[in-house]
Amino acid sequence: MGVKKRTRKFAQTKRVISQRDPRLKHNQEKASQALKAKALSQNPGLTRQIPQVSSSLFYQHNTALIPPYSILVDTNFLSHTVQHKLELLSTMMDCLYAKCIPVITDCVMAELEKLGQKYRIALRIARDERWERLKCDHKGVYADDCLVDRVMKHKVYIVATNDRDLKRRLRKIPGVPIMSVARGKYVIERLPDAPEK
């Protein structure tokens with residue numbers, strides 16, 4: 001049997017991070033300050049625009065929401081209504097204790113028509129003559145963007161939806177109540193003085 005050869009390892013030391021390493025916190029802060037200074041020097045007359053807050057908002061409460069309530073209806077709200085066998089108008093009035101006007105946009109109608117045979121009952125409910133119809137003047141037929149855009153412009157609507165992503169987007173906008181289907185009835189959130197059941 002032979003002897004295992006061992007080679008000596010020369011100059012083996014622990015590696016130390018240098019003071020100029022970009023991973024260090026104080027170097028990252030210096031880099032971000034330098035970028036800000038560079039951006040300001042390139043655009044000295046740059047003014048940031050602050051979005052105008054609606055005059056109907058009193059802190060988080062929307063004073064423009066008065067009966068009869070206009071309720072923007074989303075596609076999945078209609079499908080959940082059909083699944084739970086609820087009547088649209090009477091259940092809304094039971095939830096809000098006031099007169100309600102369901103409002104259906106062109107985008108919601110287009111989305112329901114695209115969904116096909118499975119959503120034919122929801123489409124029939126949406127085509128009812130009693131509901132108010134809104135014309136859309138934007139490109140595309142994505143209903144979520146349409147509803148968010150309309151609510152940002154006019155703070156007179158309650159949005160009826162069961163879509164989690166749309167609810168998350170709407171919660172960032174102050175003064176917009178959200179209605180949804182839960183446990184066989186309609187529930188409302190973020191409406192001042194909303195009745196708790």
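These questions and answers walk through a predicted model of one protein chain.

Visitor: How many helices and strands does the chain have?
Guide: The secondary structure comes to 7 helices and 8 strands.

Visitor: Which strands form the open sheet, and in what order?
Guide: The order is β5-β4-β3-β6-β7-β8. That is 6 strands, and the pairing is mixed.

Visitor: What makes β5 and β8 edge strands?
Guide: Count the partners. β5 (132-134) and β8 (185-189) each have a single partner strand, so one side of each is left without a neighbour in the sheet. From one strand to the next, the twist averages 35 degrees.

Visitor: How do you know that β6 and β7 pair?
Guide: Pairing needs at least two bridges. Strand β6 (residues 157-160) and strand β7 (residues 178-182) have 2 bridges. They therefore count as paired, and the sense is parallel.

Visitor: Which residue in β7 stands opposite alanine 160?
Guide: Methionine 179 does.

Visitor: Which strands does helix α4 lie across?
Guide: Helix α4 (residues 106-115) lies across β3 (69-73), β4 (100-105) and β5. It runs at about 65 degrees to β4.

Visitor: And which strands does helix α6 lie across?
Guide: Helix α6 (residues 143-153) lies across β3, β4, β5 and β6. Its angle to β6 is about 160 degrees.

Visitor: Why is valine 176 called buried?
Guide: The cut-off for buried is under 20% relative accessible area. Valine 176 has 1% relative accessibility, so it counts as buried.

Visitor: Where is valine 176, and what is it in contact with?
Guide: Valine 176 sits in the loop between α7 (164-171) and β7. Leaving aside neighbours within four places in sequence, it is in contact with Val151, Tyr157, Val159, Leu170 and Arg190. The C-alpha atoms of valine 176 and methionine 152 are separated by 8.9 Å, and these residues are 24 apart along the chain.

Visitor: Why does threonine 91 count as buried?
Guide: Use the cut-off of under 20% again. Threonine 91 has 12% relative accessibility, so it passes as buried. Its place is in helix α3 (residues 88-96). Beyond neighbours within four places in sequence, threonine 91 is in contact with Leu86 and Tyr186.

Visitor: How many residues does the chain have, and what share of them count as buried?
Guide: The chain has 197 residues, and 36% count as buried.

Key:
Residues are numbered from 1 along each chain as its sequence is written. This is a predicted model: local features need pLDDT of at least 70, side-chain atom pairs count only at pLDDT 80 or more; totals for chains, interfaces and linings use all residues. Side-chain values use heavy atoms; hydrogens and water are left out. Helices (H or I, at least four residues) and strands (E, at least two) are DSSP runs, numbered from the N terminus. Buried means under 20% relative accessible area, exposed over 50%, partly exposed in between (1.4 Å probe, protein chains only). Axes are lines fitted to C-alpha atoms, for helices over the stretch in contact, and angles run from 0 to 180 degrees between N-to-C directions. Contact means heavy atoms within 4.5 Å.
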